[in-house]
Amino acid sequence: MFCYQCQETAGCKGCTMVGVCGKKPDVAAMQDLLMYVTKGLSAVTTALRGEGKTVSAEINHLITLNLFTTITNANFDRESIEARIRATLDAKSELLGRLADGAALPEAALWDGSGDWQAKAKTVGVLSTQNEDIRSLRELITYGLKGLSAYSKHANALLQDDGEVDSFLQRALAATLDDTLSADDLVALVMETGKYGVQGMALLDKANTAAYGNPEITRVNLGVRNNPGILVSGHDLRDLEMLLEQTQGTGVDVYTHSEMLPAHYYPAFKKYPNFVGNYGNAWWKQKEEFEAFHGPILMTTNCIVPPRDSYKDRLYTTGAAGYPGCTHIPGGIGEKKDFSALIEQAKTCPPPKELESGEIVGGFAHAQVMALADQVVAAVKGGAIRKFVVMAGCDGRAKSREYYTEFARALPKDTVILTAGCAKYKYNKLPLGEIGGIPRVLDAGQCNDSYSLAVIALKLKEAFGLDDINDLPIVYDIAWYEQKAVIVLLALLYLGVRNIHLGPTLPAFLSPNVANVLVEKFGIAGIGTVEEDMELFFGPQ
Ligand code: FS2
Ligand code: SF4
């Protein structure tokens, strides 16, 4: 196996024996093959569009879900991945019949699934591209598209589609198979990926806010009640909504975990009396926390950590998520999922063990921040707020990520953190206080809601009458782990944001030459020590 798509890749180079995430070589091989056939199908759909023919929403959704399935920590279940390969091959063979001219199609578009799949996978993985710069650019685009697929999938679940995003995603996937493209062509495609990243995030923002209202300032309970509970993790708000509906009157409470925390900020979810609060922290602490929760856990997306036997029979997956031996709750777009198995099991479980108490505050997505715009602008103009620090992204296991806790602690008291994603758990429970009633940590929501941070920056640029987004008093110190952070990064680059600091390490999939392009064109940099970075961002301390 060879996988280097996430920040925790072995030795900052690549996982070759087994994934640091727990992914086994046979599963890694099937993920490679799924990517291969999905790229092949995308070449066919792109050729069909070139002939003026339409591609159905079902095909778009199949491609999107395939990509999401291969995101880090989403799906460890070889059988379900193989089923998706079969479905993709079937769809491809049908579409090939509609194509008038398939002469220019790549091998991936023509492969019919015959032969040994494990052997085939060995020939189509990341390392099948020999030139390291071309490989790096192809993977940068591919991982950005995986992130984009996550946004699309969540919007699709709320019955929202953007045909332009789907067509681009497929055209760009197909382009990663095209040996005639130069490094410059691929750099241009990286930028275009960022453009559609913004469009995909806007689509999801519209879908979420149309369905559930605009996030608003909310205090979220961290404690537990004395009823059995179900814990919902991942990012899919539609799954949460269905579960909340089905648990009404059952005596079973519902708690959020990790990236599901921001669901509490939406007005629509406040009407459920059994929606108790948030339990635990970021994804990587789940083994201890799931054990202590005592009740069923629903993983609606990544991040799954291979479970302990002590709670494996309480771990359920749905959507793109999967884990062998754990029950998968089926249900496609627009279908009602049946969560009765979780509810019945919950009734037999003791209430969760309390891990902490108190509350945290969030709900600072763009509409809420803009409602406070006058206050915020006045605080900046009056000098009460010196700078905003965007600390969005992901959390992870690496000890080096303690940097983010220490960095947040060391920040000058006249700075405000803008966050989104599970990166927030590194500092969202610190007593960082407020500035004139504005909390010093403004949580916009999930990594999926990073769009809000871009909207806030663009609106502040307007409010301050600036021509360049980089003239704002905002610095970017972003933590990445998996591929959704890649699309957020590309989206920010597309919007013209420069000098982003990315940590705790730069991606292993950036070759030295590609990393140089990002450094020279966009001022991308890694992180230093907390002391060095304080001085860099705020001058001598
Ligand atoms: Fe966190 Fe994991 Fe949100 Fe990432 S829960 S690192 O995949 O998607 O952010
Ligand atoms: Fe390794 Fe990350 Fe790939 Fe898992 S997703 S195999 S940890 S690079």
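Phe 388 has Ile 474 in β14 as its bridge partner. That pair belongs to strands β9 (residues 387-390) and β14 (residues 474-479), which run parallel and are joined by three bridges; two strands count as paired if DSSP finds at least two bridges between them. Strands (E, at least two residues) and helices (H or I, at least four residues) are DSSP runs, numbered from the N terminus. Keep in mind that this is a predicted model, where local features need pLDDT of at least 70, side-chain atom pairs count only at pLDDT 80 or more, and totals for chains, interfaces and linings use all residues. Residues are numbered from 1 along each chain as its sequence is written, chains are lettered from A and ligands numbered from 1 in the order in which they are written, and side-chain values use heavy atoms, with hydrogens and water left out.

**The five-stranded sheet**
- β9 and β14 sit in an open sheet with the order β13-β10-β9-β14-β15 and parallel pairing.
- β13 (441-443) and β15 (501-503) are at the edges with a single partner strand each, so one side of each has no neighbour in the sheet.
- From one strand to the next, the twist averages 20 degrees; angles run from 0 to 180 degrees between N-to-C directions, with axes fitted as lines to C-alpha atoms, for helices over the stretch in contact.
- Helix α15 (residues 402-410) packs on this sheet and touches β9, β10 (415-419), β14 and β15, with its direction at about 155 degrees to that of β14; contact means heavy atoms within 4.5 Å.

**The six-stranded sheet**
- Another open sheet, also with parallel pairing, has six strands in the order β4-β3-β2-β5-β6-β7.
- Its edge strands are β4 (275-278) and β7 (327-329), each with a single partner, so one side of each goes without a neighbour.
- Neighbouring strands here are turned by 30 degrees against each other on average, direction ignored.
- Four bridges pair β2 (residues 229-233) with β3 (residues 253-256) in the parallel sense, and Ile 230 stands opposite Val 254 in β3.
- Helix α12 (residues 340-347) lies across β2, β5 (297-299), β6 (315-318) and β7, at about 135 degrees to β2.

**Domains**
- The chain is assigned domain 1 (10-211), domain 2 (218-347) and domain 3 (368-538); the bounds come from an automatic or database domain assignment.
- The C-alpha centres of domain 1 and domain 3 are 29 Å apart, and 35 residues of domain 1 are in contact with 29 residues of domain 3.

**Ligand 1**
- Domain 2 and domain 3 both give residues to the shell around ligand 1, so it lies between them.
- Among the residues surrounding ligand 1 are Trp 283, Cys 394, Cys 422, Cys 447 and Lys 484; a residue is near a molecule if one of its heavy atoms lies within 4 Å of it.
- An oxygen atom of ligand 1 is 2.5 Å from a side-chain N or O atom of Asn 302.
- For His 235, the corresponding distance from an oxygen atom of ligand 1 to a side-chain N or O atom is 2.8 Å.

**Ligand 2**
- The shell of ligand 2 includes Cys 3, Cys 6, Cys 15 and Cys 21.

- The peptide bond from Asn 302 to Cys 303 is cis, with omega near 15 degrees, and Cys 303 lies in the loop between β5 and α11 (309-312).
- Gly 503 and Pro 504 are also joined by a cis peptide bond, with omega about 5 degrees.
- Leu 159 is not a glycine, yet its phi is positive at about 65 degrees.

Terms used:
A polar contact is a pair of N or O atoms within 3.5 Å; within protein, one must be able to donate a hydrogen and the other to accept it, and residues adjacent in sequence count only if both atoms are side-chain atoms.
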